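This report covers one chain as a whole and then two selected sites. Please read it alongside the sequence and the model.

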Amino acid sequence: MVRIAMLLALGLSLLAAPARAADPPPKPAAAPAPKADAPKPEAAKPEAPEKMMSENAAAKLFARAKDAFGRNRFAEAATLCWRFLQRNKPGVEKYESAQFFLASSLEKLGFIHASVEYYYQVANNRQSPELLPRALRQLEAISLAHPFDEGMVLRDLLGDTDFGELPGDLSDFAYYWQAMTNLERKLEGWSTERFLKISRKGYYFYTALYVNAIRLLASPKGDARKEALTAFAELFGALDLGSALDSLRRRGEADSKLAYALRALVTDEGAIQLRLDKLPKGWEIELAMLGLARVAAETDALLTRAKETDEEALGLPLAYSVAIGGMPIYTRAIPFEDRGGAIRAVAARFAGVRAIRGKSLHSLSRLLYEQKQYAAAYNTLGAIPKNTELSSEILLERAWSKYRSGDPHRAMGLLYALDAPVYKALFAPEKYVLRGLIYRRFCHFRAAKLAARRFRVEYAKTLRAIREGEALEEVDKVREAALRRAPALKVHLFARSLRQERAALDKYEDEWGGGKGLRAHLRHLYLQKLEQTKADLGRALEISAKEVAEDMLDAEEQVNLLEYEDGQAIFQRLSESASLSQARKRAAKVPVSSERVYYKFGGEYWTDELPSYKFNIEDRCVD
Amino acid sequence: MRRWLRMKTRLGLLAALLLTPTAVAAKPAKGPAWEESDKLPAVQNRLYRVEHEFQVGLGVLPVDAFSKGFTLGGGYAWHITDLWAVELRAAYLLNFKTALRDKLENNFGEPPSKFAEIRLYGEVSALFKPIYGKLSLLNKTLVYGEIYLSASAIVARLNGGSATDDEPQGKGDRLGFGGAPGFGLRGYLNRYLSLRFDFRYLLLYSRGEGHYPLALTLNLAITTRSDL
């Protein structure tokens, strides 16, 4: 557990900050920011302005641009907006509108980064207040769907700017990122204050609850603990905390660790009151699991209902049942007056809520595993919605859970699924270790040794390169695995999208051509960002590659041990049991006809069957 | 030794937390054309992938009331992808008179040339193979197969038909042209041999007359694999 907490502390310190060159000195997020005179990123400025336009000509040019946009001629609209920006000074009427339409046109054409640069300009300058929410909304949509410049948008713009009142749920977007920026800067109190401003529904609420459940694990002591508990308790809500405590009492579980932890947060009257001295040992795990289970349960109920948002459907009763690893904790009905809003808020960011549900279940399963609740961990992993978390990770973790819960047949089946072509790029040296362990468990010592040999065949070259001190980022397998891990993954995806978008500019050579044309400007913009991202990626890779190399060396050590113990076990079995050669258990017999249909594995992987493989193996051990 | 048994905590919450902010799909730098988080094909490592196919087979044209044709044929198919193939086939027919035709000829004096018969035919087809599957046989072994649709252009050599008092020899030897929609089933015997059953409706037109026999054929196919 200490290990988790340490890792989480590290995680929070790195939170969503992929390899920045240098942190600014800590200051609370959302301090009033300069407005019109704010410095703009150099790249988004039009180059040396050409001859200025008259007011009348500018108005006509803008009207043409708007008209082209309205007719879905986005390339033309972008050209006209660009011409407007080149021939007018910042501050003239419609200047920000031209930036906004340029951003929208570029977004429509698939130039996400370029559009982010211009939305950023509009949101940062705020000379036309009516454009601010529109620009922020576009930035938010991009943040949920594409790799983008997180440093610029989430921390520089959102984290450090007080936008005042924002319409609808846009304020949640701003509060959430201000809270995260403060958390990253270790300004715990400021972070809590921002988290608590998020409205109690929708994607940002569930994400905040998720983050604060994890925050508990990373903040075991001092002020950080108090802030983490305050944020968690307030976000979780007195009613839910009270319901959970009451439910535990009713079931005669008032002496459980979770009940004690809840009693340290909420009074018998149902009011939040922290009593830190009453926290039991292991409170952080209990509360974190409860928080994650709540996110999973509530989002599940709401996602089901969010598919239909007509008035009649919104009014139907709605409740969620929180359970940790199949163990029911409490059930709570969402009041009628909150129901419509909660469902609509989830429907508005359906994919995002689904993703956070996947993350919550995944994190919950890992905590359950650490608590040695293997069957519960396995079942929780099985409930993760498809395409939210990496299926290879889920399969591997399910295999471990099954192995530890005493079902090596299923565990091995799941490991076989990991050999499917789709997981070719998966870096999981421990799958060979687990495979070897399972074979040994059934006294198939040659097969166990073969698993170890397969590990060596797969990774020998890489291990040699690591030992010879080659730059880790240059070793293919290490690099590939490192690119799939935080913090490198996000920067890698962003760099990849930058390269793709830059290449796509060639399609507009004719329309946006010329030395001072939009294409030249955008190429320069992308080039600059690519250079910066390359440096960021280098730093992120350094961290991830080191972790991968350590994991690989660790796995090799385990494989060595496995081989050694296999050799020992062979002799031990022979000498001890030469006279007692009664086979313990034969492989299960396949009936000719049964309610279960058997498909023998023939090397063909049916994607829907991957989580269902079972390894039918004879137990060769003798008693 | 026991530490083998712990699951890596690096799989822990850290990575999940770090990836919280954006719902961006994780994709490796290199990998198969379809990546882990993309929409996946239903079958990976498809076992039965064919490229060139040579076939011989028998068949029957069973629905003509006056004669039953038995075919002896063969063909070649090129499977361009797992989904599409083009095919050339030809068949020679042995026609047998039915009892009804015997009666008409013997009791009612109808001339043999009144009844049209197909002597042989050739076809060029496009095959669309959307369904590939496996079945469990007695829970012990698997039977792999596919179902496909076919559309063919046909040329056939016909004989006889439409004899009248003015034209007692009938229409004689002639060519007919047309198309043939149909479908087929293939069952794989092993990686190189398969059995296929085709059901095609021949829609032939010749000298102002239509002929619409149904052709059922069973072929043994020898195939080469596209992935080897």
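What share of the 623 residues in chain A is buried? Buried residues make up 55% of them, where buried means under 20% relative accessible area, exposed over 50%, and partly exposed in between (1.4 Å probe, protein chains only).

## Basis

This is a predicted model, in which local features need pLDDT of at least 70 and side-chain atom pairs count only at pLDDT 80 or more, while totals for chains, interfaces and linings use all residues. Residues are numbered from 1 along each chain as its sequence is written, chains are lettered from A and ligands numbered from 1 in the order in which they are written, and side-chain values use heavy atoms, without hydrogens and water.

## Chain A overall

Chain A has 25 helices and 5 strands, taken as DSSP runs (helices H or I, at least four residues; strands E, at least two) numbered from the N terminus. Of its contacts (heavy atoms within 4.5 Å) with a separation of 6 or more, 70% join residues 24 or more positions apart.

## A:E468

A:E468 lies in the loop between α22 (445-467) and α23 (476-483) of chain A. Its relative accessible area is 56%, so A:E468 is exposed.

## B:N45

In chain B, the loop between β1 (43-44) and β2 (50-61) holds B:N45. B:N45 counts as partly exposed because its relative accessibility is 40%.

Apart from neighbours within four places in sequence, B:N45 contacts A:P421, A:G603, A:E604 and A:Y605.
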